[in-house]
Amino acid sequence: MLRRAPVSCAIGGICLLLACAGEPIAAGFAFERAAVLHGELWRLWSGHLVHYSLSHAGADALVLTAMGMVAEPAVGSRRLALVLGGGALLISLGLLALAPGIVEYRGASGLAVLTAVLGGVLAWRRHPVSRPVLVCAALALASKTLWEAFAHTAAFTDLPAGVSVAWQAHLLGAMVGACAAHAIMSPRYKEHHAQGRDRAPQ
């Protein structure tokens with residue numbers, strides 16, 4: 001597992017370690033709107049690594065690792081790390097601009113959805129035989145997001161009282177994952193990547 005998806009496993013492991021570190025650490029790293037607007041910009045990234053509980057972290061880490069087992073071999077570990085780093089920033093900026101009601105966000109679920117969509121879109125293009133399964137997975141993800149948006153509760157994870165699921169982060173993650181997949185598959189990107197390999201020292 002570590003050799004197949006080292007970046008995904010590392011992020012999942014960090015989530016679990018931070019969940020064991022206690023509430024003061026989590027509070028200091030969480031995405032908090034007021035803190036970000038006052039200059040604590042690291043929260044734009046670190047909020048995706050901290051959670052409300054160990055069970056919350058475990059669920060997110062498990063899904064992220066599972067999705068990474070599909071996506072990471074397809075795109076490469078270095079490229080996935082760049083996509084997740086940029087995606088974390090874009091999701092946080094999206095929450096900041098488009099979801100003013102979210103004053104705090106914790107969790108790697110947005111990155112897990114990003115990774116799932118990235119792997120799914122690539123598999124759709126590269127492995128047509130898998131399309132029926134991918135359609136079912138896409139419908140399940142859409143249904144889960146709609147449930148969370150209208151029921152204001154997580155479909156599979158227990159959150160503390162008073163904390164609603166940030167379905168907007170999942171939607172933003174899906175959008176970033178789809179855009180990243182299309183960028184990776186674009187002819188211009190493939191040509192640039194091929195030229196980079198040709199210029200590499202032998």
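Figure 1. The expected span of a helix is 1.5 Å times one less than its number of residues. Helices (H or I, at least four residues) and strands (E, at least two) are DSSP runs, numbered from the N terminus. This is a predicted model, in which local features need pLDDT of at least 70 and side-chain atom pairs count only at pLDDT 80 or more, while totals for chains, interfaces and linings use all residues. Residues are numbered from 1 along each chain as its sequence is written, and side-chain values use heavy atoms, with hydrogens and water left out. The buried residues of H1 are Val7, Ser8, Cys9, Ile11, Gly12, Cys15 and Leu18. Buried means under 20% relative accessible area, exposed means over 50%, and partly exposed lies in between (1.4 Å probe, protein chains only). Among the elements that cover these buried residues are H2, H5 and H6. After H1 comes glycine 22, whose phi is positive, near 105°.

**Figure 2. The chain as a whole.** The chain has ten helices and two strands. Along the sequence, these elements follow the pattern α-α-β-α-α-α-α-β-α-α-α-α. Of the 202 residues in the chain, 39% are buried. Contact means heavy atoms within 4.5 Å. Among contacts between residues at least 6 apart in sequence, 76% join residues at least 24 apart.

**Figure 3. Alanine 27 in helix H2.** Alanine 27 is found in helix H2 (residues 23-29). This residue counts as partly exposed because its relative accessibility is 25%. Not counting residues up to four places away in sequence, alanine 27 touches Glu32, Arg43 and Arg106. Alanine 27 and arginine 43 are 16 residues apart along the chain, and their C-alpha atoms are separated by 9.9 Å.

**Figure 4. The packing of helices H6 and H9.** Two packed helices are described by the angle between their axes and the distance between the axes. Helix H6 (residues 77-98) and helix H9 (residues 167-185) pack at an angle of about 140°, and their axes are 9 Å apart. H6 is therefore oblique to H9. Axes are lines fitted to C-alpha atoms, for helices over the stretch in contact, and angles run from 0 to 180 degrees between N-to-C directions. Angles under 35 degrees count as roughly parallel, over 145 as roughly antiparallel, 65 to 115 as roughly perpendicular, and the rest as oblique. The crossing of H6 and H9 is right-handed. A crossing is right-handed if the near helix is turned clockwise from the far one by less than a right angle, and left-handed if anticlockwise. H6 contributes Arg79, Val83, Gly87, Leu90, Ile91, Gly94 and Leu95 to the contact, and H9 contributes Gln168, Ala169, Leu172, Gly173, Val176, Ala180 and Ile184. By class, the residues of this contact of H6 with H9 are nine nonpolar, four polar and one charged. Ala, Val, Leu, Ile, Met, Phe, Trp, Tyr, Cys and Pro count as nonpolar, Asp, Glu, Lys and Arg as charged, and the others, Gly among them, as polar.

**Figure 5. Helix H7 and its crossing with helix H5.** Helix H7 (residues 109-126) has 18 residues and reaches 25 Å from its first C-alpha to its last, close to the expected 26 Å. H7 is mostly covered, with 14 of its 18 residues buried. The axes of helix H5 (residues 54-75) and H7 come within 8 Å and cross at roughly 35°, and the crossing is left-handed. Residues of H5 that include Asp60, Leu64 and Gly68 meet residues of H7 that include Ser109, Thr115 and Leu122. The contact of H5 with H7 has eleven nonpolar, four polar and two charged residues.

**Figure 6. Serine 109 in helix H7.** Serine 109 is found in helix H7. With a relative accessibility of 16%, serine 109 counts as buried. Leaving aside neighbours within four places in sequence, serine 109 is in contact with Asp60 and His170.

**Figure 7. Two residues of the loop between H8 and H9.** Proline 160 lies in the loop between H8 and H9 and is partly exposed, with a relative accessible area of 32%. The C-alpha atoms of proline 160 and serine 53 are separated by 8.3 Å, although these residues are 107 residues apart along the chain. Valine 163 is found in the loop between helix H8 (131-151) and H9, and is partly exposed at a relative accessible area of 24%. From valine 163 to tyrosine 105, 58 residues apart along the chain, the C-alpha separation is 9.4 Å.
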